Amino acid sequence: QVQLVESGGGLVQAGGSLRLSCAASGRTFTRPAMGWFRQGPGKEREIVAVISWSGGNIYYADSVKGRFTISSDGAKSTVYLQMNSLKPEDTAVYYCANGRPSTSLYDYDYWGQGTQVTVSS
């Protein structure tokens with residue numbers, strides 16, 4: 001089993017920054033990838049970024065390229081999502097997930113409870 005706990009969400013004005021953290025515990029080594037997904041109001045859950053525990057295999061959705069940075073700290077079993085130049089359309093519940101390297105949410109077996117990010121205009 002794997003447990004994931006997100007933190008760092010909140011309310012920020014457009015143009016501002018937030019850093020999300022996802023602390024993992026349990027048998028995380030059985031699944032090599034960590035992903036950040038988000039689900040906005042009335043929208044489907046979508047991929048934001050993916051990284052392997054080794055720090056490689058990084059992927060970003062086009063909507064966040066150049067603004068968001070994903071990183072991992074294997075020693076702390078923690079993954080981060082640095083979000084800069086935030087826009088109102090980034091408003092969503094952000095989830096971290098553990099699974100196979102993929103952009104599909106169906107390839108992720110373990111999920112955190114989510115953290116709300118709200119960007120005001």
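This report describes strands, aromatic contacts and selected residues of the structure above. The structure is a predicted model.

**The four-stranded sheet**

Four strands make up an open sheet, arranged in the order β1-β3-β8-β7 with antiparallel pairing. The edges are formed by β1 and by β7 (68–73), each of which pairs on one side only. From one strand to the next, the twist averages 15°.

Within this sheet, strand β3 (residues 18–26) and strand β8 (residues 78–83) are joined in the antiparallel sense by 6 bridges. Leu 18 has Met 83 of β8 as its bridge partner.

Strand β1 covers residues 2–7 and includes Gln 3. With a relative accessible area of 40%, Gln 3 is partly exposed. When its neighbours within four places in sequence are set aside, Gln 3 is in contact with Ala 23, Ala 24, Ser 25 and Gly 26. Gln 3 and Tyr 106 are separated by 103 residues in sequence, and their C-alpha atoms are 17 Å apart in space.

The loop between β7 and β8 contains Ser 77. Ser 77 has a positive phi near 50°, although this residue is not a glycine. Its relative accessibility is 22%, so Ser 77 counts as partly exposed.

Strands β4 and β5 run antiparallel and are joined by 6 bridges. Together they form a hairpin with 6 residues between them, and in the turn Gly 42 has a positive phi of about 70°. Trp 36 stands opposite Ala 49 of β5.

On to the next pairing: β5 and β6 are linked in the antiparallel sense over 2 bridges. Here Ala 49 stands opposite Tyr 60 in β6.

Strand β5 is largely enclosed by the rest of the structure, because 6 of its 7 residues are buried.

Asn 57 is located in the loop between β5 (46–52) and β6 (59–60). Asn 57 is not a glycine, yet its phi is positive, at about 50°. This residue is exposed, with a relative accessible area of 60%.

**Aromatic pairs and their cluster**

A pair of aromatic rings is described by two quantities, the distance of the centres and the angle of the planes. The structure has 4 aromatic pairs. Two of the pairs are set out in the table.

| Pair | Centre to centre | Angle between planes | Arrangement |
|---|---|---|---|
| Phe 37 and Tyr 108 | 5.1 Å | 75° | edge-to-face |
| Tyr 95 and Trp 111 | 6.4 Å | 80° | edge-to-face |

The planes of Phe 37 and Tyr 108 stand at 75°, and an angle over 60 degrees counts as edge-to-face, so this pair is given that description. Phe 37 belongs to strand β4 (residues 33–39) and Tyr 108 to strand β10 (residues 108–111), so their pairing ties together parts that are 71 residues apart in sequence. Phe 37 is buried, with a relative accessible area of 0%. Tyr 108 is buried as well, with a relative accessible area of 4%.

In the other tabulated pair, Tyr 95 lies in strand β9 (residues 92–99) and Trp 111 in strand β10, so the pair ties together parts that are 16 residues apart in sequence. Tyr 95 has a relative accessible area of 14% and is buried, because the cut-off for buried is under 20%. Trp 111, by contrast, counts as partly exposed at 28% relative accessibility.

Phe 37, Tyr 95, Tyr 108 and Trp 111 form one aromatic cluster. The charged end of Arg 45 sits over the ring of Tyr 95, 3.7 Å from its centre. The charged end of Arg 45 also sits over the ring of Trp 111, at 4.9 Å from the centre of that ring.

Conventions:
Residues are numbered from 1 along each chain as its sequence is written. This is a predicted model: local features need pLDDT of at least 70, side-chain atom pairs count only at pLDDT 80 or more; totals for chains, interfaces and linings use all residues. Side-chain values use heavy atoms; hydrogens and water are left out. Buried means under 20% relative accessible area, exposed over 50%, partly exposed in between (1.4 Å probe, protein chains only). Contact means heavy atoms within 4.5 Å. Two strands pair if DSSP finds at least two bridges between them. Axes are lines fitted to C-alpha atoms, for helices over the stretch in contact, and angles run from 0 to 180 degrees between N-to-C directions. Rings of Phe, Tyr and Trp (its six-membered ring) pair if their centres lie within 6.5 Å; planes under 30 degrees apart count as stacked, over 60 as edge-to-face and the rest as tilted. A charge sits over a ring if NZ of Lys or CZ of Arg is within 6 Å of the ring centre and within 35 degrees of the ring normal.
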